[in-house]
Amino acid sequence: MFDKVLVANRGEIAVRVMRACAELGVDTVAVYSDADKHGGHVRYADEAYNVGPARAADSYLDGEAVVEAARAADADAIHPGYGFLAENADFAARVEAADGITWVGPASDAMERLGEKTHARRVMDDADVPIVPGTTEPVTEVDAVTEFGDEHGYPVAIKAEGGGGGRGMKVVESAAEAEEALESAKREGEAYFSNDSVYLERYLENPRHVEVQIVADAGEEGEGPDDESDVVHLGERDCSLQRRHQKVIEEGPSPALSDELREKIGAAARRGVAAADYTNAGTVEFLVEEDLDRDPSEPLGPDTPFYFLEVNTRIQVEHTVTEELTGIDIVKEQLRVASGEGLSVSQGDVELEGHAIEFRINAENAAKEFQPANEGRLDTYDPPGGIGVRVDD
C-alpha cells in the first residue's frame, strides 16, 4: 500500500478520499488555491500545498503544479477525485511518467479510448454490448444527419465527442433543423471540450438512465483485466431523475429492473470493461427502454432493450449509493488496485442489501430558474444524521 497520497481536488470528494486513506494508514496531502486556504479538505489533510490563484484553471487544473506539489510532499500516488483533472488522459499520462508517483485510476490510454465516444461505441459493439443505433465515426456534413434520420427516424441526437451532462448535445426533430443543430453542437463541443467532433444517435425520448458501478483488477500482466473474472460489478444505480441532463436523485437498486434484466446489464458492463483493458473504478452507463404503460409494480423483463451510453472513467458523486448497498469501500478498492495489491472482492462476494437513495443538495436560486447561487452565507449548518443516513460534505 502507498505511504502518502496527494488528493488533486477539494471539497467533499477530497475529504472522502482522505478518510479512506486514513483508515488504510496512508498519509494525505491536500492542494489548494488562494481562495481555499481555509477549506475543510486543507484542515483534514496531513499536509497541504498551494497550487495557484483562485481561478481553477490556474490552480486545480494546472497539472504541472499538482505534480510538483506531489514531488515536494514526497507523495507516492495521486488520486484525482471527480471533476477537475479526474478524466483528463493527458494529466493521467503526466502522472504515469513521473518517477515514483502512481496514478490512482485507469491507465491513460484506456481513459483516452473510452473518453472518445465513437471509439467507446466501437469497443462495446465489438464486445457484444448493445449500443444505441448511431454512427461510430465522426459526422461533418448535414447530409449524414438527414440520411440517418431517414433511416432510423426522428428525433436524432447530435452529440459532441467530449460531451457530458447535456453539453454539446442537440436534438433534431426534422430534416429542416439538421444544419443549424449540427453547427451548434460543433460550436459547443469546441467551446466546452476543445473538440468540435460530433456523432449521431437515435434519440430515445423516455429511457431510464441506469449505470453499473465496476471495479477492475489489472490482471497477471498488470496492464488490464485478463478476462471478465478480473472485473467486478457492484450493482446498478438508477439516475433517471434529472434536470437539464444533470442527475439530481440517484437510487439503487433500480426499482424498474427485474433480477434477470439486472443480471444481463451487469454482465454486459463486465464484458465491455474487460474488452477495453480498463482497470480501477468506473461506471458504465446504459439507457433502458421504458414501457410507459407498464404497472410500476411490474419490473421490466429480461427482453427489454438496453443500450450502452458511455463510461465514466473515475469515481462518481453517486458512488455512495453503491457503498451503502454493498458495504464495499470503492475508494479503498481504487487504492488497492493502483498499489498492486489487487481487489479485495470477487463477483461472488457482492451482495446488495436494502435500498439507498442519494440526493444532491445544490446551492441554487429558485427565483432565477435555479441558477447556482454565487454568494451568500449560512447562519446555521445542521446536517441530518441517524441510522441509515450518510452525509458527504
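**Strands, patches and loops**

Modeller: Let's start with a pair of residues: Glu285 has Glu310 as its bridge partner in E13. Keep in mind that this is a predicted model.

Colleague: How do E12 and E13 run, and how many bridges join them?

Modeller: They run antiparallel, with six bridges between E12 and strand E13, residues 306-312.

Colleague: Is E12 largely enclosed or open, and why?

Modeller: Largely enclosed by the rest of the structure, because nine of its ten residues are buried. The strand spans residues 280-289.

Colleague: What holds paired strands together, in general?

Modeller: Backbone hydrogen bonds pair the strands of a sheet, either parallel or antiparallel.

Colleague: Where do I find a parallel sheet here?

Modeller: Look at the open sheet of five strands, ordered E3-E2-E1-E4-E5, where the pairing is parallel. Strand E3 (47-52) and strand E5 (102-103) are at the edges. Each has a single partner strand, so one side of each lacks a neighbour in the sheet.

Colleague: How many bridges pair E4 with E5?

Modeller: Two, in the parallel sense; E4 is residues 77-79. Ala77 has Thr102 as its bridge partner in E5.

Colleague: New topic, the surface. Which residues form the negative patch?

Modeller: Glu173, Glu177, Glu179, Glu180, Glu183 and Glu205.

Colleague: Where does Glu177 sit?

Modeller: In the loop between strand E7 (167-172) and helix H8 (178-193).

Colleague: Why does Glu177 count as partly exposed?

Modeller: Because its relative accessibility is 34%. Partly exposed falls between the buried cut-off, under 20%, and the exposed one, over 50%.

Colleague: Which residues make up the nonpolar patch?

Modeller: Leu378, Tyr381, Val389 and Val391, with about 390 Å² of accessible area together. Tyr381 lies in the segment after strand E16 (371-372).

Colleague: Last one, Glu351. Is Glu351 buried or exposed?

Modeller: Exposed, since its relative accessible area is 61%. Glu351 is in the loop between helix H11 (330-339) and strand E14 (356-359).

Colleague: How many residues apart in sequence are Glu351 and Pro53, and what is the distance in space?

Modeller: They are 298 residues apart in sequence. In space, Glu351 and Pro53 are 45 Å apart, C-alpha to C-alpha.

Definitions and conventions: Residues are numbered from 1 along each chain as its sequence is written. This is a predicted model: local features need pLDDT of at least 70, side-chain atom pairs count only at pLDDT 80 or more; totals for chains, interfaces and linings use all residues. Side-chain values use heavy atoms; hydrogens and water are left out. Patches are made of residues with over 30% relative accessible area and no salt bridge: like charges are joined within 9 Å, nonpolar side chains (Val, Leu, Ile, Met, Phe, Trp, Tyr) within 5 Å. Accessible areas come from the Shrake-Rupley method with a 1.4 Å probe; for residues, only the protein chains shown count as cover. A salt bridge is a side-chain nitrogen of Lys or Arg within 4 Å of a carboxyl oxygen of Asp or Glu. Lys and Arg count as positive and Asp and Glu as negative; His and the chain ends are not counted. The place of a charge is taken as NZ of Lys, CZ of Arg, CG of Asp or CD of Glu. Helices (H or I, at least four residues) and strands (E, at least two) are DSSP runs, numbered from the N terminus. Buried means under 20% relative accessible area, exposed over 50%, partly exposed in between (1.4 Å probe, protein chains only). Two strands pair if DSSP finds at least two bridges between them.
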